[in-house]
Amino acid sequence: MQNGHVQLSQDKNYYSVPYQYIKKKIKVLYTSSTVEIYYKYNRIAMHRLNYKPYVYTTITEHLASTHQFVAGWSAARFIEWAGSIDDAVSEYIMRIIESRNHPEQAYKSCLGILNFEKKVGRERLINACKRALDFKIYSFKTVQKILENNLDQIDFEKEEQQDQQLPDHGNIRGKQYYN
């Protein structure tokens, strides 16, 4: 696969291969306890067989230097980082991670959202996350659009009061009409 892993379809797991062998034809041999990966009859990797399906077994040295940076990411790390900003940001990051089938799918969104602190400031990020929590839409794009349109700077209480007041108009009947 392009991500530096081979799939052992027998147990539906993925095992890392040194990045130099990406796009090269390799041979996978496995026993009840190990998975061995060969290239031109030379063993290039060996892993313990994992019986839990859809798991990535990765040796950090197998990853390209750009991917080694990503290997240190975890859901707990992003939640802790968000918690150092504010509880609302932490809650939003947690919801993003929970909304994905696999937490790893949410890491780039989390990183993008948390990097908004440097771009727009802590207060704006906190307000944007509060607003996004109200919308119940958990994605990077949601926070990005809120910040782009300055929706984080609108006061929630004033907005709710404006929403509740109807303008005077001849076509609006009111509650007395339905008695």
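**Cysteines.** I started with cysteine 110, which is buried, with a relative accessible area of 0%. Buried here means under 20% relative accessible area, exposed means over 50%, and partly exposed lies in between (1.4 Å probe, protein chains only). Cysteine 129 also counts as buried, at 0% relative accessibility. Next I looked up disulfides, pairs of cysteine sulfur atoms within 2.5 Å, and the structure holds 0 of them.

**What I am looking at.** I noted that this is a predicted model, where local features need pLDDT of at least 70, side-chain atom pairs count only at pLDDT 80 or more, and totals for chains, interfaces and linings use all residues. Residues are numbered from 1 along each chain as its sequence is written, and side-chain values use heavy atoms, with hydrogens and water left out.

**The whole protein.** I found 7 helices and 6 strands; these are DSSP runs, helices being H or I with at least four residues and strands E with at least two, numbered from the N terminus. Along the sequence the pattern reads β-β-β-β-β-β-α-α-α-α-α-α-α. Of the 179 residues, 34% are buried.

**Serine 109.** I placed serine 109 in helix α4, residues 107–120. Buried or exposed, I wondered about serine 109? It counts as buried, at 15% relative accessibility. Apart from neighbours within four places in sequence, serine 109 is in contact (heavy atoms within 4.5 Å) with Ile96, Arg100 and Phe140.

**Helix α2.** I then turned to α2 (residues 75–85), where Ala75, Phe78, Ala82 and Ile85 are buried. They sit on the same side of α2, because they cover an arc of only 80° around the axis; the arc is that of the directions from the helix axis to the C-beta atoms. The face turned away from the buried side carries exposed Ala76 and Glu80. Among what covers the buried residues of α2 I listed α3 (87–99), α4 and α5 (122–135).

My last stop was the second largest pocket, with about 150 Å³ of space. The elements giving two or more residues to its lining are β3 (27–30) and β4 (34–39). A pocket is an open set of points on a 1 Å grid over the protein atoms alone, where a 1.4 Å probe fits, with protein on both sides within 12 Å along at least five of seven lines; lining residues have an atom within 4 Å of a point. Points are joined across faces, edges and corners, and the volume is the space filled by probe spheres set on them. I noted Tyr38, Tyr39 and Tyr41 among the lining residues, as well as Lys25, Lys27 and Lys40.
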